[in-house]
Amino acid sequence: MKVGGIAYRSVWVDPDDGWSVHIFDQTKLPWSLEILRLTTCDQIAHAIRSMQVRGAPLIGAAAAYGLCLALREDASTDAMERDAAMLAETRPTAINLRWALDRMLIRLRNTGSAGRVATAYAEAAAIADEDATQNEAIGRHGLPLIQEKAAKGQAPRRPVPRGPVNVLTHCNAGWLATVDWGTALAPIYMAHDAGIDIHVWVDETRPRNQGAALTAWELGSHGVKHTVIADNAGGHLMQHGMVDLAIVGTDRVTRAGDVANKIGTYLKALAARDNNVPFWVALPSTTIDWTVADGVLEIPIEERSAAEVTDVTGRMVDGTIATVRVAASGSPAANPAFDVTPARLVTGLITERGRCDASAEGLLGLFPEQRT
Ligand code: MRU
């Protein structure tokens, strides 16, 4: 996607030195656009833990490059296995992290240490390229859902234009969360680019505000109409017919179609079901964990620092960035970072191979190779 007219991905290798890795520091958005140059595996691990890079697919691609940087320092099998295990521990819920590292290891274990660095960079680049391609395909498969809603305004019995298609999204599942395009936002970008009148309700997504900070910044940069709302506003908007459909991303989908995503997603799905609002989840197949059946019981939920709940960071009137405490002093806080929406509350899944029911049969219909 373009920022200031320049096309970027969310992670890339330095074109001049051919090995160091660049990312946007997402903890600095939307106040400033800062590009970091990372030169060690430890720096990549820190970037993932501190959420300078975040979003399930991007974490996977960044970790793959982290392994490349590790191998530059020590390409032995022992070091490679140790560094991959360390990277895999950086965030527990998004399965793309483990998927990307497993793919790297499968390729690298069959490569002698002399050729490992070059092979690793080639494999990491393939992971990044495939993510961008898959997300573009998700956009194409999700676009008809928005086109259908837009077309309803032009029906003969409704001669008055219906106004914009209103889509609600949670957290950030845009290009910042992937290598390019995004998952939930890809159909939205395509609808906007196709001239469809579209407006996005952006959940602020406490505690870290990925919606207010990142999704709003992305949509604004691309010229997509949007409104930031408090997380608790979604149900009210749905009750009043102000949401045509919800599209969210995910960090892990079970083989039965349960969906782990940013905390608060489950409540949005419940409200959507009560108000007959379609609730779609967009994902590349790298986010499916075929080993897990019951998401509520089996998906590990990351517990993050209580400070993310008690404190909020923002820009002061004088332009300085400051962190202030919003909770009563001395009160403890809990911070489960994700929740699981059971498949029964999900209208359907949008993948790079098309749309399907959130069910084992639905997923296997698109990915028959997983039947074995
Ligand atoms: O904690 P985060 O910001 O990494 O959580 C991100 C999300 O929950 C996204 O919705 C998910 O990773 C899908 S990204 C395409």
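**Thr310**

I started at Thr310, which turns out to be buried, with a relative accessible area of 5%. That sits well with the cut-off I use, since buried means under 20%. I'm working on a predicted model throughout. Thr310 belongs to helix H11, which covers residues 307-310. Next I asked which residues Thr310 is in contact with, leaving aside neighbours within four places in sequence. I got Val324, Arg325, Val326, Ala327, Ser331 and Ala333.

**Helix H9**

I moved on to H9, residues 265-274. Its buried residues are Thr265, Lys268, Ala269, Ala271 and Ala272. Looking down the axis of H9, I found these buried residues within an arc of 165°, so they line one face of the helix. What does the face turned away from the buried side of H9 carry? I noted the exposed residues Leu267 and Asp274 there. I also checked what comes after the helix: H9 is followed by Asn276, and the phi of Asn276 is positive, near 55°.

**Helix H1**

Cys41, Ile44, Ala45, Ala47 and Ile48 are its buried residues. They span an arc of only 160° around the axis, which puts them on the same side of H1. Then I wanted to know what the buried residues of H1 pack against. My list has two strands, S4 (21-24) and S5 (35-38), plus the helices H2 (56-73), H3 (77-88) and H4 (95-109). Following H1 is Met51, with a positive phi near 70°.

**The whole protein**

Zooming out, I counted 12 helices and 18 strands. The radius of gyration is 20 Å, close to the 21 Å that the globule rule gives for 372 residues, so the protein is as compact as a globular protein of that length. For the overall extent, I have the C-alpha atoms filling a box of roughly 70 × 55 × 45 Å along the principal axes.

How much of the protein counts as buried? I get 55% of the 372 residues.

Taking contacts between residues at least 6 apart, 72% join residues at least 24 apart.

Last entry, charges. I have 35 positive and 43 negative side chains in the protein, and the centres of the two sets lie 4 Å apart.

Notes. Residues are numbered from 1 along each chain as its sequence is written. This is a predicted model: local features need pLDDT of at least 70, side-chain atom pairs count only at pLDDT 80 or more; totals for chains, interfaces and linings use all residues. Side-chain values use heavy atoms; hydrogens and water are left out. Buried means under 20% relative accessible area, exposed over 50%, partly exposed in between (1.4 Å probe, protein chains only). Helices (H or I, at least four residues) and strands (E, at least two) are DSSP runs, numbered from the N terminus. The arc is that of the directions from the helix axis to the C-beta atoms. Contact means heavy atoms within 4.5 Å. The radius of gyration is taken over C-alpha atoms; the globule rule is 2.2 Å times the number of residues to the power 0.38. Lys and Arg count as positive and Asp and Glu as negative; His and the chain ends are not counted. The place of a charge is taken as NZ of Lys, CZ of Arg, CG of Asp or CD of Glu.
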